[in-house]
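Please inspect the sequence and the structure before reading each solution.

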Amino acid sequence: MEKLFETLKLAARTLKANKLRSSLTMLGVIIGVTSVILLVSIGSGLKSYITGQLEDLGSNLLMVMPGEMEVGSGGSGSMQGAGMAAPKFTMNHQKELQAKGINIKRVMAYTENNATLAYAGKKHITQVAGVTYEYPDIRNQKAVLGTFFNVSQQESAKKVVILGATVTEKLFGTENPVGKKITLSESKFTVLGVLEKKGALGGNDMDNQAFIPVPTALDTFEMDYVLAFWVQAKSKEQVEPAKEEVKKILLRTLKDDDFSVIDTKGLLSMVSQILGTLTVALAGIAGISLLVGGIGIMNIMLVSVMERTKEIGLRKAIGATPKIIMTQFLIESIVLSVGGGLIGIILGFGGSVLINQFFPAMVTAWSVLLAFLVSVIIGVIFGVMPAARAARLNPIQALRYE
Amino acid sequence: MSVLHNINMTIKKNEFISIVGPSGSGKSTLMHLIGLLDTPTSGRIFLDNEDVSKLSEEKMASVRNRKIGFVFQTFNLIPRTSALANVELPLIYAGVPDEQRKEKATKMLESMGLGERIYHFPNQLSGGEQQRVAIARALINNPSLILADEPTGNLDSKTGNQIMEIFKKLKKEGNTIVLVTHDMEVAKVADRIVKIYDGEIV
């Protein structure tokens, strides 16, 4: 133990004597570790944000989408064909589901289109969602100004609109939009209210939307069908029966491959699987830079052994055993890699805190631990060869080396 | 094809001998054998009545550490490392604890007249000073034998003489010294001169 501490001090002294070289060598590992931690933190931040958003939708929620979609159990799923097929859903389906489903609490029809919104000379192109009056309850998102539309406004296809926070800001600035008339796809709409802020997801601003009743949307955008249904089961236990019910009811008028029913659980496992893979891929790419850093260490240690051949000969002459020389050089490379690793962890941590201001990022314990362990292992692996070479040197030849 | 043959010599305790010979004569090989940096293909070497001719590498390192003090022509101090740390090095390998080491090394450097320079790096010292640091390092473990290989070879004659005065003093203090040189003037300082030619003592 005493000996190891001495060797450690000896290594620190040597590295300090070559400050520039040591820090440049460490830089490789620092960049590697920082990027591993940073990229993994972005990956896991994104994952937890998206799953959080999905859980926000409510766990009792089913989505009915056009086309065939498979969500396998156990997390393996594919999105092939999802939303690709033309929808064949009508408001009659919605009424039927609502009326006949025993396990179904409510059914919301959903459709969307891009449209130009204009007010007092200001124009804003954005996504307009056709929804039903239950939307605020299902999304758990209240109107902060004015109100959402009610069932009678919906049934009579009134030209009313509820704006997201971003849309409000773009068109009205600080002005209160409630009661104002805006132009939406060449028709006049009355603004009923403004929804509370939900925040941005990556570059996708969830508040940059406007909401109108589904029947109004079908008229305005000249659509024959709605895009999807959001079905809320009465309880968690009734999600599966509700799913079967939805299928049974829809199959009366639709073909098997016209629609698919997915629950948020399946969607969650699919999304977390995709993002999990993404995170691992990002970590792998960053890992390559860590490997390059390790090769940098080996390179410098080999040069160092060459350059210090005479010193090694001298050390051997005055009593250093091959083991001592081996340990000395090995510890030097480990100090380099671990030092780089620690600095990288601090930078990665700081970096992800900074990124988190703009984008969901979350430092995970496993990435820190992994980065640290890998940097230790790199120090050992890439240090062994140069150290063994130093230990094997013949003292007579080493002393003669010029 | 042997470099050395028929070598039979004894170095007594507190003896100061010089080994002289032209380059290629085998004197370097003889010095490496005496210094336990090399092992003989045949024949035996005794140090303090112990057969040291067939030791393992680890054992040889340990014997070199405790019983032999090397002084080289090119000083061979570790660069960017203080005089004190250089002198401490054999003590580190001998496992002497930190405080004792510092004290011993400082005293040794003071006895070499380098008390003011213990924290200087080799490149901040003159050639003579560097060689005195090297001698301090050779003496620090109180060795049975001091092995000096052309210790004045890289020094001007005045500084060289000063170094030779140190060796004379060390002999008086009871040390055993083997000096390897090709310079007869330097060799004369010793009690006895061993001449090597073509791998044999002549």
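**Exercise 1.** Determine the handedness of the crossing of H3(B) and H4(B), and state how the two helices are oriented to each other.

*Solution.* The crossing of H3(B) and H4(B) is right-handed; a crossing is right-handed if the near helix is turned clockwise from the far one by less than a right angle, and left-handed if anticlockwise. The model is predicted: local features need pLDDT of at least 70, side-chain atom pairs count only at pLDDT 80 or more, and totals for chains, interfaces and linings use all residues. Residues are numbered from 1 along each chain as its sequence is written, while chains are lettered from A and ligands numbered from 1 in the order in which they are written.

Next, consider the geometry. The axes of H3 (residues 83-94) and H4 (residues 98-111) of chain B come within 9 Å and cross at roughly 125°. The pair is therefore oblique, a class for angles that are not under 35 degrees (roughly parallel), over 145 (roughly antiparallel) or 65 to 115 (roughly perpendicular).

Finally, identify the contact residues (C-beta atoms, placed from the backbone, within 7 Å). H3(B) contributes Ala83(B), Leu84(B), Val87(B), Glu88(B), Leu91(B) and Ile92(B), and H4(B) contributes Arg101(B), Lys104(B), Ala105(B), Thr106(B), Met108(B) and Leu109(B). Eight of the residues in this contact are nonpolar, one is polar and three are charged.

**Exercise 2.** Which residues touch the most other members of the largest nonpolar core?

*Solution.* The core, a set of buried Ala, Val, Leu, Ile, Met, Phe, Trp, Tyr and Cys residues joined through C-beta atoms within 7 Å, has 106 residues. A buried residue has 20 or more other C-beta atoms within 10 Å of its own. Val36(A), Ile37(A), Val87(B), Leu109(B), Ala136(B) and Leu147(B) touch the most other members. Helix H2 (residues 19-56) of chain A gives the most to this core, with 11 residues. Not counting residues up to four places away in sequence, Ile37(A) touches residues including Ile345(A), Phe349(A), Val363(A) and Ala371(A). Another core, of 55 residues, lies apart and has Met63(A) and Phe89(A) among its members.

**Exercise 3.** Describe the side of chain A that touches chain B.

*Solution.* First, 16 residues of chain A are in contact with 20 residues of chain B. Helices H1 (2-17), H10 (309-317), H11 (322-355) and H13 (395-400) of chain A each supply at least two residues of that side. H10(A) gives the most, with five residues.

Terms used. Contact = placed C-beta atoms within 7 Å. Helix = DSSP H or I, 4+ residues; strand = E, 2+ residues; numbered from the N terminus. Nonpolar A, V, L, I, M, F, W, Y, C, P; charged D, E, K, R; others polar. Buried ≥ 20, exposed ≤ 12 C-beta atoms within 10 Å, placed from the backbone. Axes fitted to C-alpha atoms, helices over the stretch in contact; angles between N-to-C directions.
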